[in-house]
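Biologist: I would like to learn how to read charged pairs in a model, beginning with the general idea and then turning to the case at hand.

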Amino acid sequence: QELLSNALSALNNVKTLRLTFTGTLSGKTGAGVFEYVNPGAYHVTQPDGQEVIAIKGKGAYQKQAGKWSKVAIPAAALDTIISTVNPVAIIEKERQKLDQSTTPQVGADIVGGRPMVTYQYNNPQGKQGYVKLWYGVTDGLLYRFDGSDQTGKATGTIEYNVPITIVAPIP
């Protein structure tokens, strides 16, 4: 629990992050990328090739069939969407799930040359599957995840403070 609290604190110093993931959902396998620039812009490339960009105060954009369009969404709704994909909110959700787990397994590992502490727990509320998280021992940040449930499985890695620029693709 302390490590997850440290992760929340460490994220306050993160300017950007890139999450690269692969997974299987309902028998279909794909890969995608989620990029976030603090304090409120994200770019998602989905496994099906569609892209979404959301920028606080500017708007949301969607790319389908190779063409960008602006999505009509009220500013308050856009702020809500961006706040739910904020890395701090995501880590807080994982901390709550870990709190609900009665028997998390704790271990050690190395990812990218960094020592990690791992937490693995069964999905809460009787759902099938598990979640395994790798947190940096020295900085408390989440660097890798692996999980599954009744609909599929996913694996991902996270890089922090990498060069990322997110701009509106059209005026």
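**Reading the salt bridges**

Modeller: A salt bridge is a side-chain nitrogen of Lys or Arg within 4 Å of a carboxyl oxygen of Asp or Glu, and here glutamate 35 and arginine 18 meet in one through their side chains, at 2.8 Å from N to O. Glutamate 35 belongs to strand S2 (residues 28-37) and arginine 18 to strand S1 (residues 16-25), so the pair links distant parts of the chain, 17 residues apart; strands (E, at least two residues) are DSSP runs, numbered from the N terminus.

Modeller: This is a predicted model, in which local features need pLDDT of at least 70 and side-chain atom pairs count only at pLDDT 80 or more, while totals for chains, interfaces and linings use all residues. Residues are numbered from 1 along each chain as its sequence is written, and side-chain values use heavy atoms, with hydrogens and water left out.

Biologist: Is glutamate 35 buried or exposed?

Modeller: Buried means under 20% relative accessible area, exposed over 50%, and partly exposed in between (1.4 Å probe, protein chains only); glutamate 35, with 13%, is buried.

Biologist: With which glutamate does arginine 18 form a salt bridge at 3.8 Å?

Modeller: The partner is glutamate 159, which lies in strand S11 (residues 152-160), so that the pair with arginine 18 ties together parts 141 residues apart in sequence. Glutamate 159 is partly exposed at 37% relative accessibility.

Biologist: How many salt bridges does the rule give?

Modeller: The count comes to 3, including one between glutamate 51 and lysine 63, with closest N and O atoms 3.4 Å apart.

Technical notes
Helices (H or I, at least four residues) and strands (E, at least two) are DSSP runs, numbered from the N terminus.
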